[in-house]
Amino acid sequence: MAISGLVVTMDDAGVASVLAALRADPRITLGPPAGVRQPVVIETAGPAEDDAVWAWLRSIPGVRFVDVAYVHFDQGEEHDHG
Amino acid sequence: MTTVDRREFIKSAAMSAAVAAAAGSTRAFALPVLTAPGVQWNKAPCRFCGTGCHVLVGVEDGRVVGIQGDLKADVNKGLLCVKGYHVGQILYGKDRLTTPLLRKDGRLVPISWEEAIDTVARRVLKDPKGFAMYGSGQWTIPEGCAGNKFMKGGLSSNHLDGNPRLCMSSAVTGFLSTYGVDEPAGVYDDLDQCDVAIMWGNNMAEMHPVVFSRIVDRRSRGEKVTIIDFGTRRTRTTDHADEFLLFKPNSDLAIANGIAHLLVQNNAYDKDFVARHCNFRQLDPEKPDAMQGKPMTFDEYAAALAEYTPERVEQISGVPADKIRLLAALFARRDIRITSLWCMGMNQHTRGTAINCLVHGIHLLSGHFGKPGDAPTSLTGQPSACGTVREVGTLCHLLPGGRLVANEDHRKHAEGFWNLPEGRINPKPGYHTVLLFEKFCTPTDKGGDIHTLWVQVTNPGQSLPNLHKLFKAKKGLEDKFLIVSDVYPTATTELADLVLPSALWVEKNGMYGNSERRTQQWFKMVDPPGQARDDCWQTIAVARRLFDLGFEGMKNKDAEFLFTFKDKGGKPVPVWDWNHYYDINVDEAFFEEYRPFSKLKQKDLAPYAEYARTRGLRWPVVQQPDGSWRETRWRFSEFDDPYVKKGAGTQFYNSVTKDDKALVWFRPWEPPPEGPDADYPYWLCTGRVLEHWHTGSMTRRVPQLHRAMPAAYVEISSTDAARLGVRSGERVALVSRRGRLELPCWIGGRGDCPEGTVFVPFFDESLLINELTLDAHDPFSKQPDYKKCAVRVERVVTTGAAR
């Protein structure tokens, strides 16, 4: 299980289309927005899927950047250094 | 707790964090805590920056399993940044160093601790004068005490310097030049009370997010706080600023002089404060290297400032003249409180001492000093740059307690406290960092007289400027020997001849000193992995090996071992033997030996036990008639500082001029040593990002942080990117006179450079931006300038990986 708390920052012009894309994905829960900053929680089966969602978020037209606020992986997930 | 409950709890925590980060955008927040029976919680300061947040560390079955912000801590009041929440995981990267490694036939191979310690000792014996040590603002206070005494008291060598030379030594020389003593007069409480906060080249929102939240959160409570952001690029801090003043790199001295000029010209300075508490000073042209300078009158000061009219400052800096007037008008007001904050932007500067002095000078001239909310305050990047380096004195010219090796009285004091034979401490300052590495990387027959360098708790192979010259040139020098004590393989261990595996953070006892003079303490909570051992023990063990080999310097005046510690019954404990190291609290022993030094310049420290029961205390900590210990928040102010004479109001009792006055300096603006030209038309600025701490050797092992910011990038303006024909994610090459590096572009990201400037963070060991940076340094602080050098940008015609 992987759960990430992220902030998606959007271009002014892209807010509506980005939010529509986020709402269409059942793995993503949206929190109350703060201007162009949209808090989201991603819940997936594991880090690999979490990575894929993260990459997809960054590729959505209108997304300026994605910030991490909190990430949880279950124990046993080891990490290869950069 | 059921699986569903747990999942919902984690989702709730994740959402809380994201909402807090999005709403406040200060990147500091508090989270609910998943508690479980069997988890033991204990306090510790965070391992990362100089803010000094306290965390509670949850331990179960000998492993750190949880982190929470400490509600009892004044510094952070339960808040943490994203690095702080993940700090526990720095212990568990899978490539921890767990055994000593010696380079044999080109390869690092495991050896025993006995062989490792003997190897270090034999390198000392080769020629003690050519043996040097390079420490760290991440050293704990006792580790610094051990290194300092080993080198200066044992080897009679001052070739001990530390990485704070690279991050805050200009702040030190600024404080010393102005007040005669180091470290800020104010504290974080100023941020709770100021009306105006000025960021002098300081991206506090990302670098010190928890402290920054103390300002921004006041706005959410309906308070008015004006934030003025001086910068050479827009950052996350700019998002919160009422005024963003973009200035040309290196022009900050002109701006500061422009403000001072208007205060004087408009007769708007605080005449009473100046008359009672200030003298004026300038550099002596006959002795330009003398930090003391020479006196000047107020009229001479005013005349020197006269050329810094708002229009002239605009011409130099690009900041509109009206904005210079606005700043001067703010400082002229007596009904508001102003706090200035700075960090690397002012310190990593070839004129670092000068700009530090000028900002102090504006506060003194305008009387914005010594009242809660009125303070010039530098911030530090490392958790104990203040405690271990500035206070313990682990720089090549210092002794503990703000004393100097070059001063005979100071040496005698130190020899007394350390119980050394008279004359043991060498009066000649050692090599500062840049010179130390230059000497180490220069062949012996060409004047490179440092043959062995022992690096503890830092990563100079990544953090030094001009790496090809100052670090990589070591490669192939057969008679040079690099020893590295660290927790992970780094850019530095790549060239190491001997690697010593170290315990990290809560795997050992420790003490830190943060940016606001707060001394902090923690106890060991878990065991280090494999054979990793405390850095402090490593130093003592080498000293003992030298003692056993008959090295005279490792004996005190009574011919006892230099590091003789006794148990409560008075019996010596063989702490050099790892099996006995924790028989006593070595940290407490070192700290109590060090404490008497702290009183020499009114930096009094309380007994160790006081720190064990508190979340830190700010010095001077003075015992009260009832036996309790009272910390000091505002130094030099009668209402709070016990060393100020009754009736004085403000008293600079360490005054350079011995008359209880501070110095207001005139320092002219001058062009930089290197700037853009036809061949290298861009400014390169380097720095940090929120997710990674310094060279990333710890944070890049935390999966969450690594994934959030996996690689370095170059931030470039959209205009320059269009001119070069590159888009976000495409690669460009940066080329300076010292090196070349290819990186992906990031356009319109977190920061925003103006045309003609690029920015690169230095956390990524696979993209070493410091191969390009300049090793030119401030003549007084010897701190290099990482913020300004000239590069050209070339488009790379490949299909590179995007961010």
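Q: How far apart do the C-alpha centres of domain 2 of chain B and domain 3 of chain B lie?

A: The C-alpha centres of domain 2 of chain B and domain 3 of chain B lie 36 Å apart. This is a predicted model, in which local features need pLDDT of at least 70 and side-chain atom pairs count only at pLDDT 80 or more, while totals for chains, interfaces and linings use all residues. Residues are numbered from 1 along each chain as its sequence is written, chains are lettered from A and ligands numbered from 1 in the order in which they are written, and side-chain values use heavy atoms, with hydrogens and water left out.

In chain B, domain 2 covers 101-166 + 384-584 and domain 3 covers 169-379; such bounds come from an automatic or database domain assignment. Where the two domains meet, 10 residues of domain 2 of chain B are in contact (heavy atoms within 4.5 Å) with 15 residues of domain 3 of chain B. Between them, domain 2 and domain 3 of chain B bury about 1100 Å², and 40% of that area is on carbon and sulfur atoms. Buried area is the accessible area (1.4 Å probe) that two parts lose on being put together, summed over both.

The boundary between domain 2 and domain 3 of chain B also holds 1 salt bridge, a term for a side-chain nitrogen of Lys or Arg within 4 Å of a carboxyl oxygen of Asp or Glu. B:Asp182 and B:Arg390 form a salt bridge, with their closest N and O atoms 2.7 Å apart. Between domain 2 and domain 3 of chain B there are 8 residue pairs in polar contact, both residues at pLDDT 80 or more. A polar contact is a pair of N or O atoms within 3.5 Å; within protein, one must be able to donate a hydrogen and the other to accept it, and residues adjacent in sequence count only if both atoms are side-chain atoms. On the side of domain 2 of chain B that touches domain 3 of chain B, there are 3 nonpolar, 2 polar and 5 charged residues. Here Ala, Val, Leu, Ile, Met, Phe, Trp, Tyr, Cys and Pro count as nonpolar, Asp, Glu, Lys and Arg as charged, and the others, Gly among them, as polar.

Over all chains, the structure holds 61 salt bridges. Another of them joins B:Asp118 and B:Arg545, at 2.7 Å from N to O. B:Arg545 counts as partly exposed because its relative accessibility is 27%, the class between buried (under 20% relative accessible area) and exposed (over 50%), with a 1.4 Å probe and protein chains only.
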